Amino acid sequence: MKAWKVGLVATMMAGVLSACGGSESPSGNTEGGASADQETYEIKVANVLSGSDVTAHGLNKFAELAAEKSDGRIQVEVFHGGQLGSGVETFEAVKNGNLDMASDSFANLASITPAFEIFHLPFLFDSREQALAAMNSERVRERVNNELEVSNLQWFASFEIGGPREVGTSKKKITRLEDFQGMKLRASRSPLEIAAQEAWGARGVTVDWPETPEAVRMGMVDGLTVPYASFYSSQFYEGGLIKYMLDLNFQWYSLVTVVNREKWSSLPEEIQNILSESIEEAQAWHIDFVSDYITDNIKTMREAGVDIYSLSEEEQARIKDLTIDKVWTEFIGQTGIPQDKLDLIQSQIAEADGSSGWGYAID
């Protein structure tokens with residue numbers, strides 16, 4: 001599958017991304033391999049998800065490639081696991097020019113901009129191929145970036161978080177729609193995720209990702225809706241924290257990296273090109289990496305005793321139809337989710353296979 005050709009940008013953190021004079025090492029070259037008369041660039045990237053998450057591998061590959069292609073002139077430092085703050089906090093820092101790049105689920109951009117919310121329409125995509133076709137589309141990216149401009153942000157990169165959202169529960173196994181009644185499910189800040197949960201009869205409770213394991217452990221929520229890779233990386237499968245995982249595939253989302261629009265334009269063209277090439281190659285590498293990674297995650301969680309299962313075709317269709325009827329009707333036409341934008345996305349996935357699965361095996 002071809003690489004995601006996203007709009008590529010980078011920013012500064014309080015002047016960090018501005019040119020720095022090279023410092024000579026004993027060998028006569030600057031630290032990191034740059035010659036003494038070359039400017040160097042340090043870039044700090046916040047990633048809310050953990051260092052063992054599938055997305056971390058893509059960001060680390062980007063850092064590796066940027067250093068390699070620039071002969072050490074560009075040093076990308078990735079802070080995984082929410083070290084620099086929550087998704088909202090780090091996205092705001094980039095918006096205000098106080099952080100170079102921020103990465104998190106685009107669900108957590110909702111409080112800053114609704115530009116990505118349309119991708120959160122439940123059951124919008126039937127397969128990975130359809131989802132990537134939409135994310136790869138030049139026309140779709142142009143539309144999103146036009147909406148991000150008001151927040152002085154630009155779409156730099158996207159990495160799969162590990163497929164669509166599934167449903168993990170700690171005590172109760174969901175086998176039919178009625179089983180959701182009265183449950184409390186952890187939700188991101190995406191109104192569409194919460195609306196989907198409430199369409200089933202559950203209550204969506206917003207909890208920032210770093211606090212989610214404790215919220216489940218303390219019984220503040222009965223479960224959560226994230227991809228398999230997120231269940232795995234945060235070790236929800238250990239100690240019986242999450243005992244059941246329903247393969248519902250109800251909502252696509254990915255890790256998005258945003259940067260400050262103005263500060264990108266201040267970078268030399270050579271540096272822009274190196275960053276662009278590095279992230280493009282990292283995304284292509286990551287697409288190939290994800291499938292085996294998630295398949296192994298699922299195997300490990302099953303071996304740990306987690307019940308990973310699917311509903312009957314009839315019950316799956318019942319939940320899907322109800323969710324689309326309630327959520328799409330409510331949200332289409334709202335800011336960020338106009339009908340013409342939906343039509344554009346659907347036109348870009350029209351040729352993609354809707355029966356090709358999500359790129360990993362659950363059996």
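Predicted model: local features only at pLDDT ≥ 70, side-chain atom pairs only at ≥ 80, totals over all residues.
## Salt bridges and a helix crossing

Select R141 and E138: the two form a salt bridge, with the closest N and O atoms 2.7 Å apart. Both residues sit in helix 4 (residues 138–148), 3 residues apart, so about one helical turn separates them. R141 is buried, at a relative accessible area of 3%, whereas E138 is exposed, at 54%.

Go on to R128 and E160, a salt bridge whose closest N and O atoms are 2.7 Å apart. R128 lies in helix 3 (residues 128–136) and E160 in strand 5 (residues 153–160), so the pair ties together parts 32 residues apart in sequence. R128 is buried, with a relative accessible area of 7%, and E160 is buried as well, at 2%.

Now select K69 and E281, where the closest N and O atoms of the salt bridge are 2.8 Å apart. The pair links helix 1 (residues 54–69), which holds K69, to helix 9 (residues 269–303), which holds E281; these parts are 212 residues apart in sequence. K69 is partly exposed at 28% relative accessible area, and E281 is partly exposed at 38%.

Finally, show helix 5 (residues 191–199) and helix 10 (residues 313–331), which pack at an angle of about 140° with their axes 9 Å apart. That angle makes helix 5 oblique to helix 10. Contact residues include L192 and A195 of helix 5 and V327 and F331 of helix 10. The contact residues divide into 8 nonpolar, 1 polar and 2 charged.

Definitions and conventions:
Residues numbered from 1 in each chain as written. Heavy atoms only, no water. Axes fitted to C-alpha atoms, helices over the stretch in contact; angles between N-to-C directions. Helix = DSSP H or I, 4+ residues; strand = E, 2+ residues; numbered from the N terminus. Parallel < 35°, antiparallel > 145°, perpendicular 65-115°, else oblique. Contact = heavy atoms within 4.5 Å. Nonpolar A, V, L, I, M, F, W, Y, C, P; charged D, E, K, R; others polar. Salt bridge = Lys/Arg side-chain N within 4 Å of Asp/Glu carboxyl O. Buried < 20%, exposed > 50% of the residue type's maximum accessible area, 1.4 Å probe, protein only.
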